[in-house]
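Trainee: Could we go through this model together? I would like to ask things as they come up.
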Amino acid sequence: MEAVTMPRGVLEVLDRNGRVEQRVAVNGPQLRIGRACDNDLILDDVHVSPHHAAIDASSGHWALRDLHSVNGIRVAAAQQRVSELALDGEQSFTLGLSQLRYRPLDVTVPEALPLRERRHPHRGLALTLVAPLACLAGFGVDALLDSYEPFGTLKLLNAILIPLVAILIWAGIWALIGRLLVQRLHFAGHLAVISLGLLFATTFDSMSRLGAFAFALDRALPWLQAGGLCATFVLILYGHLRLASRVRQRNAFAAAVAFGMLLAGAMQIKQLVYLQRFSPRPQFTLTLAPPGARLVRADSTEAFYARTARLTDALANDASTTAHGNTP
């Protein structure tokens, strides 16, 4: 019988993002994998059998064999269940919900990344402060443009300090969540995520109102604002999930889209309910913009007053009809 060459490889346990969590050398006659404590590789996975699989050469070549487990061996590419997987090169497979990868010792690995010399130790801190400072500047400019009264220092501080405290608390909460889930705070990253998200929201809202004024799209403005709100929620939640969890990129984006649409829809429904409430005051929106920004010609003054006169006559007729109907 021809002698079987001893395998020389490494078995890696991967996390959901494909990062290596554990490595075990394959250098003996057999390597047993399962949840029981007498295995060579113990997987803490309730979907893995006590003695799930083994790597050996019982069939004449080195392979991963299923030991009559409940969930079997599934090839990572197609999730097809197999009873045996030949280890003739790099192979990825799944046992239960655990992702594993076999790599021979002669596999080519990329060269190490060079260490970055921190010639400017304060540069990282400066870059971390750019996002929140830009966000606060955006809040200040937006409040200044929307104000039709004298805008003093106290109003400017009020428009900046309250969002600053809220941003710091929000970033701190997500940093603690990341500390619990992935053992890393990433406070600066969470601070940048919420700051850039709010800056996007402020910029998009100002540009949408200016665009609605320029092209006479007043009726489309609520839908534009709802879309911007949904996009803001998606961007912020996606950034936080990527930093505070080990969820895959596609799953994190899907979760962010789902929750973003849910939150934006809830806020839009609340706004519609508020607008449908009876109020003697007319509903209107105020947009301060230079007249030169109006690119689409609006109704002339004569047309506006004519439409106002027709509306006044219609209201007077309705009031007269109601009065006659209530007369005994």
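Trainee: How exposed is Arg 19?
Mentor: At 45% relative accessibility, Arg 19 counts as partly exposed. Buried means under 20% relative accessible area, exposed means over 50%, and partly exposed is in between, with a 1.4 Å probe and protein chains only.

Trainee: What should I know about the model first?
Mentor: This is a predicted model, where local features need pLDDT of at least 70, side-chain atom pairs count only at pLDDT 80 or more, and totals for chains, interfaces and linings use all residues. Residues are numbered from 1 along each chain as its sequence is written, and side-chain values use heavy atoms, with hydrogens and water left out.

Trainee: Back to Arg 19. Which residue does Arg 19 form a salt bridge with?
Mentor: Asp 15, and the closest N and O atoms are 3.4 Å apart. A salt bridge here is a side-chain nitrogen of Lys or Arg within 4 Å of a carboxyl oxygen of Asp or Glu. Asp 15 counts as buried, at 7% relative accessibility.

Trainee: How many salt bridges are there in the whole structure?
Mentor: A search finds nine. One of them joins Glu 12 to Arg 23, with 3.0 Å between the closest N and O atoms. Glu 12 lies in strand S1 and Arg 23 in strand S2, so the pair ties together parts that are 11 residues apart in sequence. Strands are DSSP runs of E with at least two residues, helices are runs of H or I with at least four, and both are numbered from the N terminus.

Trainee: Glu 12 and Arg 23: buried or exposed?
Mentor: Glu 12 is buried, with a relative accessible area of 3%, whereas Arg 23 is exposed at 55%.

Trainee: How do S1 and S2 pair?
Mentor: S1 (residues 9-14) and S2 (residues 20-26) are antiparallel, with six bridges. Two strands count as paired if DSSP finds at least two bridges between them. Val 13 has Gln 22 as its bridge partner in S2, and Leu 11 has Val 24. Their hairpin has five residues between the strands, and Gly 18 there takes a positive phi near 85°.

Trainee: What sheet are they in, and which strands stand at its edges?
Mentor: The open sheet of six strands runs in the order S2-S1-S11-S10-S7-S8, with antiparallel pairing. S2 and S8 (81-82) stand at the edges with a single partner strand each, so one side of each is left without a neighbour in the sheet.

Trainee: New topic. How long is H2?
Mentor: H2 has 30 residues and reaches 42 Å from its first C-alpha to its last, close to the 44 Å expected at 1.5 Å a residue. The expected span is 1.5 Å times one less than the number of residues.

Trainee: What comes just after H2?
Mentor: Gln 183, which takes a positive phi of about 60°.
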